[in-house]
2 protein chains.
Amino acid sequence: MNNFDYKNPTKIIFGKDTIKNLATEIPKDAKILMLFGGGSIKKNGVYEQVTAALKDFQVTEMGGIPPNPEYDVLIKAIDIIKSENITYLLAVGGGSVIDGTKFISAAALYEGDPWDMVMNRKPNTVAIPFGAVLTLPATGSEMNSGAVITRRALKMKIPIGGPALFPQFSILDPTVVRSIPSKQIANGLADSFTHVLEQYVTFPIGALLQDRFSESVMQTIIEVAPKIMADPNDYQAASNFMWSCTMALNGLLQKGVPTDWAIHAIGHELTALYNIDHARTLAIITKSHYTFNFESKKEKLAQLAERVFAIKVGDTESKAIAAIEKIDAFYHSIGIATKLSEYVDEYEGTAELIEEKFTKMGMTGIGENKTLTPENVKEIVKMSY
Amino acid sequence: MNNFDYKNPTKIIFGKDTIKNLATEIPKDAKILMLFGGGSIKKNGVYEQVTAALKDFQVTEMGGIPPNPEYDVLIKAIDIIKSENITYLLAVGGGSVIDGTKFISAAALYEGDPWDMVMNRKPNTVAIPFGAVLTLPATGSEMNSGAVITRRALKMKIPIGGPALFPQFSILDPTVVRSIPSKQIANGLADSFTHVLEQYVTFPIGALLQDRFSESVMQTIIEVAPKIMADPNDYQAASNFMWSCTMALNGLLQKGVPTDWAIHAIGHELTALYNIDHARTLAIITKSHYTFNFESKKEKLAQLAERVFAIKVGDTESKAIAAIEKIDAFYHSIGIATKLSEYVDEYEGTAELIEEKFTKMGMTGIGENKTLTPENVKEIVKMSY
C-alpha cells in the first residue's frame, strides 16, 4: 500500500425530504448566488423545495449552466458576485452545475485572469464557500474537491481542484432520481462505474481493503442498474445508486493505490471534439484502453472478473479478457454504445487529432505507469472506432 | 436505507515514516500537552520520532494514561492545561490514550464538574483542538468523535462524543505494529471485527453498499489476521490491519443502517467488573447475544455466512448458525477465549450484577430494535459463562 493523506470535510445530508434542511447549513447573513442548469429543477419540484427552504435569505439566481460547464458562461457569474456582494454559492444540479460552481467559487477570489488560474494547475486554496443540492447522481463532485471546465472555443476540457473546492455540504435526496431521463440515469451508472475502474484496474499493490471497497461499489452499481433503469421510482435502488456514485469518487477508493485516469483524459477529448456525453466517451475508450494495456492490467482485471463478475475458472489471461467483455456488456446493458462510430459519422482522423492535441499540450505519459505516449493514445482511439 | 448525515473532518496521514510530518499539522505557536500511556512509546522508537518532530514546539508531557482510561487519572491533566496555558493536545498511543485525550479536550473547557459533562450525555461541541499518533490499531478512535471513559470507583464505563471530538489529524504509521505484543494485536483484530458486526448483524434495510463495505472490512481483517499474528513485521498485513481498524469505526459503515452496540454495552460491564480487556469482553458476549436474538438477526447472519465465510449451501437458519460458529472460531483463531469462565474464576452472579446495574441506570432497551431488557441481558450474560 502506498502512503497517503486523506481528508474530506464535506457534510453529506442524505435521504428523503432533506432539501428542507438547507437553511440550517448556510450562515444566516449569507447573500446567496444559486446556480442551476437548463431549468429541469423548475419541472421536478426541486426549485420549489430549494426556494421554500431559503425564503429567509437574500438569493440571486443564475440558471443556464450547460453540461460540460462552459468557461464563457461561468465567467458571467463573477460580475454578479461582485455587483450583488455574494458571500455564498449554492449549486442545484448535477456534476456540471457543481463543477461550474467550484470554478466560480475560486475564480471570483482569484487575482488576475481566471483562465490563468485554470491553466496554471495549482491547487485552489481560496474560494467562496459553497454547498450543493444534487439532482443527478453521477460524477461524485458533490463530495470531492475536483471539477472539469470546458472552453469550447479552444476545444479544451481542463481539470481544476484543491482543498478549497470541497462543498461545505451536499444534500442528496434520492427521490430526485424519479424525474431523471433514462438516458441520464444510464450516464450516471456508466460514469460512476468507470470512476471505480480508473482507481482499480491498474496493478496490484496489496491494498486489500481499498480493492474490496472498489469491488463493493461496482457490485452495487451492477446490482441496482437494471432496477433503476426499469423504475426510477424505486427508492431503494435510487438511494443505493446515489450513494454509490458519491462513494465512487469522493477520494476514499484511491487512497494508497495507483490510479489510471487515462480513460478520462482521452474521453474528455471526445467530448471537446464532438460534444458526446462525458459518460459515453468513457464507455467508448474503456475496452480498447484495457486491451491495449492488457499486460500491465491483467492481474487486476482477473481479480475483477473473479470477485465482481463471479468468473471462477480459467487462468489470469482468460479471466482478464472475460472482465473486459463483461465491462463492455455492462455498458450495453444500460443502453450505452461503446464504439465512436455509433456516435459520430465522420470519425476518421479522430485518433490523429487527439494525438496531435496531446503532443501540443506536452503530455508525456498518462495511465498508472505514466508511460502512455500520444502515439499510444492514437492507437487506443483507433481501436475505439 | 435510512436517512443520514455524514461528516468526518479528520485528516489521516497514513504510511511509513509519516510521524515526522507532525510539525506541519500543529499551529506554530501551539503549547502542546503530549499524552501517552504506560511508556511503551519510549521503547519502540515512537517517543523519539514524536519529540524530534516537535523540537520547535513547547511541549509538556503527561504519561500514564491507563487502558480503559480512568477518570481520576485524566482529570489531572486539567490542572496542567491551566497552569501551562496549553492550547493543543497530542495523543500518542492507542484507543485508550486517544479516548482519554478526547475527554480531557472537552473537560478542560467545560464549565462545571467534568463528571456532570460525562453523565449528561450531551454532544460535546467545544474542546481544545487535538491530534493523534496512533500506536495500536483497534478502536478507530483516531478517526471518530467518540470515546469511552472509565470511573473505576463507580464501576462505570461511559461513552462520550460530539462534533468537537474528532481529532484534527491522526498519523497512522503501520510500522508501529511490529512492536505491539501479540496479545494486543489479537485485541485489535477482535475489536475492529466486532465493531463491524455491531453495525451489520441487525436486520436488512436495503443498504446494499453499506453492507458490502462492512463485508469488505471483515473479509480484510480475516485475511490479514493470520499474517499479522504470525509476523508483525509484515508491512503489507500491518497496513491493511491498520486501515481496516480505522474504517471499521470512522462512522461510514453505520450511515443509513440500524446499529446494535449491545455487545459493547454488555462488554463494558465485564471490563468494569473484572478489568478484562475490552476486545475480549466483546468476544465473550457475541455468540450468546446472536444466539439469544437469533430470530431478528438471522437474515443478516446468513448474508454474512454467504459473503464473508463463503457458506453457499443451506437455508437461512443453517447459514446463520454457521456464521455464529465462524465468528466464534475467528476469535479462537487469534487466541481469544470466548467464555467468561475462561477469564474469571468467580463468575457466578455476574449476570444478576449486570442486570441490576442496567436496571438501576434506567436502561430500557438496547440492541438495534431497542427491545432488550435488563432481564434479557441477564440471560445473554448467563449464556456467556
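# Interface between chain B and chain A

About 3,500 Å² is buried between chain B and chain A, 59% of it from carbon and sulfur atoms; buried area is the accessible area (1.4 Å probe) that two parts lose on being put together, summed over both. The model is predicted: local features need pLDDT of at least 70 and side-chain atom pairs count only at pLDDT 80 or more, while totals for chains, interfaces and linings use all residues. Residues are numbered from 1 along each chain as its sequence is written, chains are lettered from A and ligands numbered from 1 in the order in which they are written, and side-chain values use heavy atoms, with hydrogens and water left out.

**Composition of the interface**

- Chain B and chain A each bring 38 residues to the contact (heavy atoms within 4.5 Å).
- The rule finds 15 residue pairs in polar contact across the interface, both residues at pLDDT 80 or more; such a contact is a pair of N or O atoms within 3.5 Å, and within protein one must be able to donate a hydrogen and the other to accept it, residues adjacent in sequence counting only if both atoms are side-chain atoms.
- On the side of chain B that touches chain A, the elements giving two or more residues are β1 (4-14), α7 (208-230) and α8 (235-248) of chain B (DSSP runs numbered from the N terminus: helices H or I of at least four residues, strands E of at least two).

**Strand pairing and aromatic contact**

- Strand β1 (residues 4-14) of chain A pairs with β1(B) in the antiparallel sense over seven bridges (DSSP must find at least two bridges).
- Within this pairing, A:D5 stands opposite B:I13.
- Over all chains there are 21 aromatic pairs (ring centres of Phe, Tyr and Trp, the last by its six-membered ring, within 6.5 Å; planes under 30 degrees apart are stacked, over 60 edge-to-face, the rest tilted).
- One of them is the edge-to-face pair of A:W243 and B:F4, at 5.0 Å centre to centre and 70° between the planes.
- A:W243 belongs to helix α9 (residues 235-248) of chain A and B:F4 to strand β1 of chain B, so this pair joins two chains.

**Salt bridges**

- Two salt bridges are counted between chain B and chain A (a side-chain nitrogen of Lys or Arg within 4 Å of a carboxyl oxygen of Asp or Glu).
- A:E223 and B:R212 form a salt bridge at 3.3 Å, N to O.
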